[in-house]
Amino acid sequence: MNFNRVFQLLVGVLSASAVESFVPSKLASAPRKHHVRAASTIAYAHQPIMDIPPLPNLSCSGSSCDTEEIDGKLDSFADPNDRRYSASDWIHSIHSISNSTMLREIKGPVGWITAWSTLVSVVYKFCQMNGMSNVAQKMCLGSTPHSLIASSIGMLLVFRTNSAYERFREGRKTWEQLLNTCRDITRMTSVYAREVGPKRKQRIQRLLASLPYLLHHHIQPRCLDHSQCQEVKGTPHALKLNEPRPIGIGSKKSKSPRECWVDKRALPWCLLPNSVLNKCAQSHNRPLWVTDRLSLEFVEIAYCDNWTSRERLELLKHSSKISECIGHCERIHQTAAPLNYARHALRSLTLWSLTLPFGLIDKLGLLTGPTVGIVAWLMFGVYQIGHTIEDPFQGSLRLTDMCNSNYRDVMYGDRNEAGMRRESAFRKEGEKEEDWDSVGDAFGLGWTAQAKEKMEHFNEQLVLSA
């Protein structure tokens, strides 16, 4: 094997990859660019790393916007863009490794550790070739120390990844409960549509449709950037949100609150009238404000024979469930993993990786660099996965898809042609009772006296044969 040729190629590859030091980075530091008009574009803190299809803009005349166009176009995004990899996708998985988001996140530490391992192997080979065998022998630590520590490093990484996945699963269950609760409320208001009233039902539907979008904005702020602010400011479509003022610690003075501008023509702001939207914009916790307004709408439904305190309390319980979902999302988003544990795991992994070439050079020689690089890619990849899914609302979960799904499910009957397919479940026009008698069963028989007689005979034959 031409070791000089291998070394030149390896140095050429590492010179392009190991150009940045390993520093704690924010989640999704190099996200894929995407444009979501209906979600109010740019995020201040973190941006999702998933590709999201752009949503259509609203057609507005003056200060009033019609949601009928966007309702129809949203139906084209009904199927979620889920991609699951099986064992048969191994070729595609290897071929697309250059586009891996995880590789971009860990290329700093992996590159530097690979370069360091290559340098150690070159020095070891140089000492052997120039008669410095004593120095080369002292560089070899053997594989025993790293074999003893490897189990501890693995436990640290597995525990961190498992705890992060538990947070991811809890976040998904929380959003599932939120969407199910919104659908239950719309079902109940549709069944009791006469008691609720058409106007109140429309208000409840619009509040429920805006709720997931507002919660998404609450845990992942998306405000207009500078260029978009210049386009919207001075028009009736601009809306400034009241953001909380950062609290100073110790002798530090409180910072001025950041400015967050949104476009009223985008979801969810276009679902609320200006009189309601201005009040909601002044609240620091806008999804909670919508939950409180929903409770008020439920309480104002007048009692009648079919609507009693039992139905009112049932809807108020749903409001409490929504409030619990908001609290769960805030807890996951605002509570990070213990810093002491994260720092200790990262430091242990770094020291283990930096000293690993001294335990392999006596057996691998110049192949120590690539070998340690692959090991570092695997180990730091596991650590970064735990860091990425620790806060599932920053890209791991497709919150925009879930918000759009909720919008389609709760906005039926409100100038939403696509949503009328669900509205038809609550209407029986054009249906007859005898239509159900013509429907066949699993054996292709209609629900007639003859079909019933044949079914009983079939059951008797089964009993006799048993």
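Guide: Angles here run from 0 to 180 degrees between N-to-C directions, and each axis is a line fitted to C-alpha atoms, for helices over the stretch in contact. Please keep in mind that this is a predicted model.

Visitor: OK, at what angle do α6 and α15 cross?

Guide: Helix α6 (residues 144-191) and helix α15 (residues 368-389) have axes that come within 8 Å and cross at roughly 25 degrees. Because angles under 35 degrees count as roughly parallel, α6 is roughly parallel to α15, and their crossing is left-handed.

Visitor: And which residues make the contact?

Guide: On α6 they include Ile153, Leu157, Arg160 and Phe168, while α15 contributes, among others, Met379, Val382, Tyr383 and Ile389. The residues of this contact divide into nine nonpolar, three polar and one charged.

Visitor: Switching to cysteines: how many disulfides are there?

Guide: A search of the whole structure finds one disulfide, formed by cysteine 223 and cysteine 260, with their sulfur atoms 1.8 Å apart. The link is left-handed, with -90 degrees about the S-S bond.

Visitor: What does that pair tie together?

Guide: Cysteine 223 lies in the loop between α8 and α9 and cysteine 260 in strand β4, so the pair ties together parts that are 37 residues apart in sequence. Cysteine 223 counts as buried at 1% relative accessibility, and cysteine 260 is buried too, with a relative accessible area of 0%.

Note on methods:
Residues numbered from 1 in each chain as written. Predicted model: local features only at pLDDT ≥ 70, side-chain atom pairs only at ≥ 80, totals over all residues. Heavy atoms only, no water. Helix = DSSP H or I, 4+ residues; strand = E, 2+ residues; numbered from the N terminus. Parallel < 35°, antiparallel > 145°, perpendicular 65-115°, else oblique. Left-handed = near helix turned anticlockwise from the far one by under 90°. Contact = heavy atoms within 4.5 Å. Nonpolar A, V, L, I, M, F, W, Y, C, P; charged D, E, K, R; others polar. Disulfide = S-S within 2.5 Å. Buried < 20%, exposed > 50% of the residue type's maximum accessible area, 1.4 Å probe, protein only.
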